[in-house]
Amino acid sequence: MIYRISKILASICSISAVVILGVILISEQFLPEKFYSENGDVVSLPGIYGRFFTVKSNYGISEPAISTEENSRSAKIQFMGTIPVKEVSITVTDEKIVTICGSPFGVKMFTDGVLVVGFSEIKSSEGPCCPALEAGLEKGDIIKSVNGKDIFTNEEVAQSIENCSGENINFKVLRKDNIISINVLPKMLADNSGYKAGFWVRDSAAGIGTMTFYDPKTMTFAGLGHAVCDVDTGGAILFSSGEITPAAITKIRKGVSGAPGELGGVFTGGDIGTVSINNETGLYGTLDYEIEGFSAPIGLKQDVYEGAAVIYSTLDGTEVTEYDIEIEQINLSDNSMTKNMVIRVTDEDLIELSGGIVQGMSGSPIVQDGKLVGAVTHVFVNDPTKGFGIFAENMMEMAEKCR
């Protein structure tokens, strides 16, 4: 009997060891590599993370910090307070006070070169063909020069084709960080009306989004919570210059399951700032002057918890309104820069107006316990009352690069 009990206990211990090892291996993937700590406060993980994992920093411990960065020290994440999971860094920072907005803004961006957005077959004197596609141009290529001359507009590309006299045109294009050379031979149309190469280009883009916050000390702003992408290629727009303008919401297309809704609006004034960065976490730049909003501190990712919160958004004209939401899930992984939270709209007024989250609300500030903890980024296609949010910490980190 004793032998049998010992064998059972050994089996249980073996299974437990495998489970713990599995937890540790998985944890390395979904736990972040770094944290910020305001004024050196102890970092505590939120929600279910905090039930199983603790962050043991080196503050006040004789063990030296691994990081050599100023005001940055190493720390260990431990499972159940004892088993080490991974080494992380903690950067001490002051509390950041920003102006929360929630107001709509218009953006105008001019591409750094001319973007290839599509192809079409032409009826040439030699039959149907698409010279550009056959030569190797691809959707998403950015044309930087034509026959050695830098270009910036659609008209310059069209003119070079019209004046080619049936000869090859050399395009230098940017493709996935590499400059490549492509020769395209335009063809005369069957009706002899001119030369065509069979591709479409774009040199600018415009749209409307929501301003999340700005720093009143530096006047750097952050909005959208995701990149401004080209509607045809789906990629983030590489731009040479960009401006933002005031905007007003004029219409709402209500979201339903399977069909995301959308806000429509108009630009209402001159430029109020310039754009410096367009990347996966949002749109960033510098304001020319202060705009309406209210002051609040940035909440760090470890401050966020599952529970009630509010968003600030504009669905009519320029009036910012507060709406109730619930933060249902939190994702601390560094592998997801824009889908850090799952949020659900609980405000009946917002659901009645828009069905929940719609396109154009991206960037709407998420506030919990008086702190800016994030911004709305995406809507769930099959449930417009739900969507994703980005941590405000991620946006603040990128906004500071605009200084």
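Two strands count as paired if DSSP finds at least two bridges between them. Helices (H or I, at least four residues) and strands (E, at least two) are DSSP runs, numbered from the N terminus. The model is predicted, so local features need pLDDT of at least 70 and side-chain atom pairs count only at pLDDT 80 or more, while totals for chains, interfaces and linings use all residues. Residues are numbered from 1 along each chain as its sequence is written, and side-chain values use heavy atoms, with hydrogens and water left out.

**Whole chain**

Start with everything selected. The protein has six helices and 27 strands. Of its 403 residues, 47% are buried (under 20% relative accessible area; exposed is over 50%, partly exposed in between, with a 1.4 Å probe and protein chains only). Contact here means heavy atoms within 4.5 Å; among contacts between residues at least 6 apart in sequence, 67% join residues at least 24 apart. The protein exposes about 19,700 Å², of which carbon and sulfur atoms supply 52% (Shrake-Rupley method, 1.4 Å probe; for residues, only the protein chains shown count as cover).

Next, colour by pLDDT, the predictor's confidence in each residue, from 0 to 100. The mean is 83, and 86% of residues reach 70 or more. Confidence is lowest in helix 1 (residues 2-30), with a mean of 52, and highest in strand 25 (residues 365-368), at 97. Over residues 60-69 pLDDT stays under 50, and the model has eleven contacts beyond four places in sequence for this stretch. Where pLDDT is low, the predicted coordinates should not be read in detail.

**The barrel**

Six strands form a closed barrel in the order 22-23-24-27-26-25, with antiparallel pairing. From one strand to the next, the twist averages 40° (axes are lines fitted to C-alpha atoms, for helices over the stretch in contact, and angles run from 0 to 180 degrees between N-to-C directions).

Ile-327 stands opposite Ile-343 in strand 24.

**Strand 19 and its neighbours**

Move to strand 19 (residues 273-279). Five of its seven residues are buried, so strand 19 is largely enclosed by the rest of the structure. On strand 17 (residues 239-253), antiparallel pairing with strand 19 runs over two bridges, and Glu-243 stands opposite Thr-274. With strand 20 (residues 282-287) the antiparallel pairing spans six bridges. Asn-278 has Leu-283 in strand 20 as its bridge partner. Strands 19 and 20 form a hairpin with two residues between them.

Then select Tyr-289, in the loop between strand 20 and strand 21 (294-297). Is Tyr-289 buried or partly exposed? Its relative accessible area is 45%, so Tyr-289 is partly exposed. Not counting residues up to four places away in sequence, Tyr-289 touches Met-219 and Ile-272. Tyr-289 and Pro-216 are 73 residues apart in sequence and 9.2 Å apart in space, C-alpha to C-alpha.

**Cysteines**

Finish with the cysteines. With a disulfide taken as a pair of cysteine sulfur atoms within 2.5 Å, the count comes to zero. Cys-130 is in no disulfide, and the nearest cysteine sulfur, that of Cys-129, is 7.5 Å away. Cys-130 is buried, at a relative accessible area of 10%. Cys-101 is also buried, at 4%.
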